[in-house]
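Here is a short tour of one structure, written for someone who likes to know the cut-offs behind each term. Have the viewer open as you read.

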Amino acid sequence: MNPTTPTPTPAPADPTTPAPTAAGGGLDDLDEAARGRLFDDLQQVLPEVWRSFGQGDPRESVVVVPSMSVDHLAPSAGAMNQAMEERFLFLLLLLRQPCLRMVYVTSMPISEHIIEYYLSLLPGVIPSHARARLDLVSVGDSSPRPLTDKLLARPRVLSRIASLVPDPARSHLIPYTSTTRERDLALMLGIPMYAADPRLYPLGTKTGCRRVFAEAGVDHPFGAEDVHSVDDVVDAVLELHASRPDAQWAMVKLDEGVSGSGNALVDLTDVDAAAADPGDEGGSLRAVVTDRVLGMQLEDERIETGAYLGRLDERGGIVEERIVGDEVRSPSVQLRVTPLGELEILSTHDQVLGGPTGQMYLGARFPADPAYATTITREAEKVGRVLADKGVLGRFALDFVVVRHGERWQTHAIEINLRRGGTTHPFLTLQFLTDGTYVHEEGRFVTPSGAERHLVATDHLQDTSLRGLGVDDLFDLVARAGLHFDQSRQAGVVFHMISSITECGRVGMTAIGDTPDSAQDVFDRAESALLTEARASLVPLPVPHRGRLGEGLR
């Protein structure tokens, strides 16, 4: 399989030249074109790896590198980077396959108690047997740099990882996202990567999304792509205002923004009246719109406007109408293209958003409301076909905005995430624990027994009081309050991002139930119990004075 854009296939690499690996070196001497050819060659083995996966071959393995190799304008603490890397520990549930070996790589060591917690969730597997097939590799670097960058700077760590792969022909790399850095990592390890070719990265930018939507014939908000300067934004906003005079808001989005942090709102209320009024803003319509653009409200308040405009100038972005209405929701659809070229619909979610303007991803409910779940699935499938034809590989998600008009929901595609995202780990946690399947034609998730399951998940259960708890305190509460996932009932809570609880006062969790209400009840009970325990942990305890120690103090 050659997961590239539909352009003429580049000439194959010289077969007499060995592929650069952690042992062989040589990658620094290759330009992008040469690296691309080597990557194409390496990816050719992925279909066979895929066919043999889970068939009991003792040589099969996966290497998990959950590097947050995405652009952030705001500073990110090392502790939160570590927590985000640990967010993918649900993949340890793959160790239920009795022969699979896994190498899981992080910036800093993971608490063994956290590993034990995940292995305890494995159905029908002896935890110690699974632990023996798991190799944990940590770099020992807590800086906020992407994990992949840390690895590429340390050949000896790469050599250690490579030595833990029993057979490169039966292994593959699972990254969080796929940039040229992850491609280089796959080349250095000598194993294929199950993710989109980084040459297809532009398809997942905001500009690329809008062009793919247009090609697929899918409704999306009115707007403009590939804007870079303040003048570009003003021109796009003026065009939007002329075409949609009732629009109250315009949205500016950085091409490479994630989780809403690259979004900003431009207020268009009464711009014509302001232009006609010699007082206040005054001046021409363009002058008024320029002032509004310079005063736009950034979703991530940690970002300064100057830094935001600098990134817009450097990387580009889009301007589009903000969809509003009496009831507006933000569902998403997960899909994947397998190494065999098959497009699969995996799930739908209703995203839970927050932040100053309601655009920051906080969590999700699964499945999405059946009132529109099948509609967004059909639209997502159109986009998925276009992406598959262009060579996209692996998991990706489409975000929508849906607006209710009476009994009818109108859908607007707004974003493509060519990577694993915030809805990936909750869904796969549910799927691995229950062996269930999402029936997208019906908008339902059912277990092998035919029972339905629902989930409510968040990455943002956050409160300063949580800093009073340690990892062991959390697990003690899970046991005392009966929050642990119960395999007999196939319901309960699975926590993630556990290591951030003390330093950041934040933890994630996935609550599973047999109905939407029961999943929400499980979520609410767990949140209440955790916050109650956290607040109690901050109450000062009496200091005992005993025997001679007390006498000496007197």
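## Two helices that cross

Axes here are lines fitted to C-alpha atoms, for helices over the stretch in contact, and angles run from 0 to 180 degrees between N-to-C directions. Helices (H or I, at least four residues) and strands (E, at least two) are DSSP runs, numbered from the N terminus. With that in hand, look at helix 10 (residues 230–243) and helix 12 (residues 285–294): their axes come within 9 Å and cross at roughly 115°. The crossing of helix 10 and helix 12 is right-handed; a crossing gets that label if the near helix is turned clockwise from the far one by less than a right angle, and is left-handed if anticlockwise.

On the helix 10 side, the residues that meet helix 12 include V230, V233, V234, V237 and L238, and their partners in helix 12 include L285, V289, V293 and L294. Contact means heavy atoms within 4.5 Å. By class, the contact of helix 10 with helix 12 has nine nonpolar, two polar and three charged residues. Ala, Val, Leu, Ile, Met, Phe, Trp, Tyr, Cys and Pro count as nonpolar, Asp, Glu, Lys and Arg as charged, and the others, Gly among them, as polar.

## About the model

This is a predicted model, in which local features need pLDDT of at least 70 and side-chain atom pairs count only at pLDDT 80 or more, while totals for chains, interfaces and linings use all residues. Residues are numbered from 1 along each chain as its sequence is written, and side-chain values use heavy atoms, leaving out hydrogens and water.

Four strands form an open sheet in the order 3-2-1-4, with parallel pairing; two strands pair if DSSP finds at least two bridges between them. Strand 3 (134–138) and strand 4 (171–175) are the edge strands, each pairing on one side only. From one strand to the next, the twist averages 15°.

Strand 1 (residues 61–65) pairs with strand 2 (residues 101–106) in the parallel sense over four bridges. V64 stands opposite Y104 in strand 2. Helix 8 (residues 180–189) lies across strand 1 and strand 4, and runs at about 155° to strand 4.

## Salt bridges

How many salt bridges does the structure hold? There are 39, where a salt bridge is a side-chain nitrogen of Lys or Arg within 4 Å of a carboxyl oxygen of Asp or Glu. One of them joins R87 and D459 at 2.7 Å, N to O. R87 sits in the loop between helix 3 (78–86) and strand 2, and D459 in strand 18 (residues 454–462), so the pair ties together parts 372 residues apart in sequence. Both R87 and D459 are buried, where buried means under 20% relative accessible area, exposed over 50% and partly exposed in between (1.4 Å probe, protein chains only).

E320 and R210 form another salt bridge, their closest N and O atoms being 2.9 Å apart. This pair links E320 in strand 9 (residues 317–321) with R210 in helix 9 (residues 206–216), 110 residues apart, and E320 and R210 are both buried. E381 and R385, by contrast, both lie in helix 14 (residues 373–389), four residues apart. Their closest N and O atoms are 3.1 Å apart. E381 counts as partly exposed at 27% relative accessibility, and R385 counts as partly exposed at 44%. Elsewhere, E32, R35, R183 and D184 are linked in a network of salt bridges.
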